[in-house]
Each structure stands twice: as structure tokens, then as C-alpha cells.
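Please set out a briefing on the structure shown below, with its aromatic contacts, helix packing and backbone features grouped by topic.

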Amino acid sequence: MATDHSRVINFGAGPSALPVSVLEEAAKGLLNFQGTGIGIAEISHRSKEFQAFLTNLESLIRTQLNVPSTHRILFTQGGGTGQFSAVVLNLLARYRLLHPERTVEDTVMDYVVTGSWSRRAAEEARRLGGGRVNVVVDARTHSDDGKSFDRIPPHEAFHFSPDPALVYYCENETVDGTEFSHDLASPSAFPYHLLHQDTLVPLVADYSSSFMCRPIPRLADHAVIYAGAQKNIGPAGLTILIVRQDCIVDVDAAALLGASPVPLTMAYKTLADSGSLYNTPSVLPIYIAGLVLQAMQKNGGLRHYEDMNRRKMQKVYAALEEGEKAGVLRRKVKEGSGSWMNVVFEVVGADAEKKFLEGAEQRGMKGLKGHRSVGGIRVSLYNAITEEEVDQVVDHMKQFVSQQTESL
């Protein structure tokens, strides 16, 4: 197969770049999956070949992330946004089974709001009802302008409830470019030490835009971790869940006690009991994700990608710092709270952002425009973005800064 695909460098935030070698292999599978004579998009999800592939995908995730036996790995649809609803319904059902005597007014859901996605998750919890939403912290109140998500708030600002039905946070905010530090000694790390440890904490983490880019801190302490696949490991259409066994509950029994009914396809127990095959899953995204995970394992696993992603991130932030000193670029997130995967900044000056994007496109780089809700520039550095490609965007940043400085 020819290797010249006339491809640009895709710095888009998602759906995002995938390794060319994986796409080439997937193209073969579209015609003939594992010698079956049937394409992967045509084959039965109940065929022994596909079920074996799904089992292997689960094993690859469990091995590389070191997922303990206390947690199930499940596959579903609906993206991270679908889990805004599913998490609430499943964990409210769990809470009702644990505390049948408590009323809706007695039920609290804790939400850590550090960006656009966690804000939306909290809004969905309010919309569904079933309990009161306690905003543990709102990062906007700690920003310079009082309305931007530009940092992880200090630990003393977090106020968790004593016995919540769930505690939600978004590890990496794709839109705003903030992220909890993985250095647990950092003031920007998630404050696990502030959680009430009397019972199994129902801690929920949205890892959609950073899943499989590096190890997950204190994974075993989470009740639910979920991620849309369309950032680091596959195309849109697949959602991966890591669910602690005690959160896989009989939602129908909970409904008899007054909990909201849970649609069958959103119930974690349905997914677990059926091996994620209650209904037809996202077969093609699962296949591509499996190919990506196989390639990751072959390349050295998560530690390799953590080291590579650290270097990529450091290069971009260093170029951004140079641009700030020259007065041409302006970072939108305070130092120490910046994302590894989504580096966001502004270009200073009239029409300067347009010139920056046009110059990037002329050099074969696309997907750099920031989210429509916040504007600016966003450089997404997912696993498939190579260091050589990062060097190209860094070179563009430096050249742009030099040109702008000379024109002043």
C-alpha cells in the first residue's frame, strides 16, 4: 500500500489524529477481518472472531493501565456526554440501595467544576434531579476576571459533602486547557486527601481527552472512570468505562425503592452481564481502538507514551513562553494548571490570530483554531501526534513570533 496519503498534520481536538499504520491496517480489515472473508463493518458482533477481539481489547487496557480485579472494563456508546447522564442514574440507584430511607432532599451529588465539560456535567445532574448538586469548587471564582476557567483552584477551596452519591471531576478540560496535575504533591493535583474516607468513595472521573496518554493516578480509588475514544485511541462512537464492582447494581431493585428508572442500555449491570454485547456495539471503532492499543503495547506501553507526551508538551509550552515574553502570544491557563493534551493560548493583535492560522495551514497544519466558545488557538497533542510534527508547530510559533516582533 502506498505511504503517500497527502495528509496534513491534524492538531484537532477530536475526532483527532490516528496513526497512519493503524489506519492502513484498518483499511485491510474493512475488506477482510482476520481472514474471515467478511469486513469488520459487516461481521456479526456475536461472531467468535469479534468477541475474541473485544476480549483482547479489554485485556490490553487492563494490562497497560494496571486496572485491578475490583473493576470491570465496559464498552458502550454515547461518548462522554452520554456518561453525564449514565453516571448520575447508576450512582443514584446505588445510593438508594445503600440508603433506602433517605429522601431526594437528603441526597447530594458533588461536582468539581474546572471547565466547560464539568460545568455541563453538573448541569445535566441538576436536570435529571434525584438529588441536590453541590458545587465543590467553581474555578471561575478563582480566575483573574471571575468568569474564565484558567486554573485548578487551591485545595483549601474544595468543600466535599460528607456522604455524597457521587463525586465528579473532569481530569482534563479539552476546551479550556486546564488539567489536574499527576504529581500528587502538586497544589494542582486532585485533592484525594480531602475526600471523606468512611466508606467506598463514589469518585467519578471523566478522562475523555487524556485516556491512555499516561498512567491514571490512584486508579483503584475511583468508582467510575470513563472516556470517549476519539482522542487518543480511536474514532468517535466508542466509550470506555472502568467501573468498580460495587457500582454495578440492580437498577430495577433501586427503582422499586424510589430511584429513577435507568434505561437498559445505560445501566452498568446490563453492560457487565452481557460482556458489553447487550446490543450491537460500535464494531468499527472497537476494531480501530484495538489496533491502536496493540501498537501502543508494541511501542513500549503507557510509560513510553507518558515520556513522549511530556516532551511534546514541554516543547509547546516553551515556545509559548517565548511568545509571551515577546508580547505576541498569551497563555490562557496559569502555569501549573496547563493541559498536556490541549495547549490553549491567544495571539495578540488585530488579525494576528487569522495570520497565525493561515500560516499554519500553508505549512500543512490544521485543527489549531480554539473551541468556538472560547476562541484563541488550541494545539492538541494526542498520542498519534509525533514529536516531529510537534517540532513543526513549534517552529511555526517561533517564526510567527519573530515576524511579528520585527513588524512592531
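Which residue lies over the face of W340, and at what distance from the ring centre? R214 does, at 3.8 Å from the ring centre, where a charge is taken to sit over a ring if NZ of Lys or CZ of Arg is within 6 Å of the ring centre and within 35 degrees of the ring normal. This is a predicted model, in which local features need pLDDT of at least 70 and side-chain atom pairs count only at pLDDT 80 or more, while totals for chains, interfaces and linings use all residues. Residues are numbered from 1 along each chain as its sequence is written, and side-chain values use heavy atoms, with hydrogens and water left out.

**Aromatic rings**

- The structure holds 13 aromatic pairs, a pair being rings of Phe, Tyr and Trp (its six-membered ring) whose centres lie within 6.5 Å, with planes under 30 degrees apart counted as stacked, over 60 as edge-to-face and the rest as tilted.
- F53 and Y287 are both buried, on a scale where buried means under 20% relative accessible area, exposed over 50%, and partly exposed in between (1.4 Å probe, protein chains only).
- For F190 and Y192, the centres are 5.1 Å apart and the planes are at 65°, so the pair is edge-to-face; both residues are buried.
- F190 and Y192 also belong to a cluster that ring pairs build together with F158, F160, Y169 and F180.
- Another charge over a ring is that of R120, which lies over the face of W117 at 4.6 Å from the ring centre.

**Packing of α8 and α10**

- The axes of helix α8 (residues 301-325) and helix α10 (residues 387-407) come within 9 Å and cross at roughly 5°, the axes being lines fitted to C-alpha atoms, for helices over the stretch in contact, with angles running from 0 to 180 degrees between N-to-C directions.
- That crossing makes α8 roughly parallel to α10, the term used for angles under 35 degrees.
- The contact (heavy atoms within 4.5 Å) includes M308, R311 and K312 in α8, and among the residues of α10 that take part are E387, V390 and D391.

**Surroundings of E124**

- E124 is found in helix α4 (residues 116-128) and, at 14% relative accessibility, counts as buried.
- Leaving aside residues up to four places away in sequence, E124 touches F84 and S85.
- The C-alpha atoms of E124 and V88 are separated by 8.6 Å, although the two residues are 36 residues apart along the chain.

**Backbone features**

- Most residues other than glycine have a negative phi, and most peptide bonds are trans.
- A cis peptide bond, with omega about -5°, joins G14 and P15, and P15 is found in the loop between β1 (9-10) and α1 (20-31).
- R218 has a positive phi, near 50°; R218 lies in the loop between β8 (203-206) and β9 (224-228) and, at 36% relative accessibility, counts as partly exposed.
- D351 also has a positive phi, near 60°; D351 is found in the loop between β12 (342-347) and α9 (352-362) and is exposed, with a relative accessible area of 55%.

Key
Helix = DSSP H or I, 4+ residues; strand = E, 2+ residues; numbered from the N terminus. Parallel < 35°, antiparallel > 145°, perpendicular 65-115°, else oblique.
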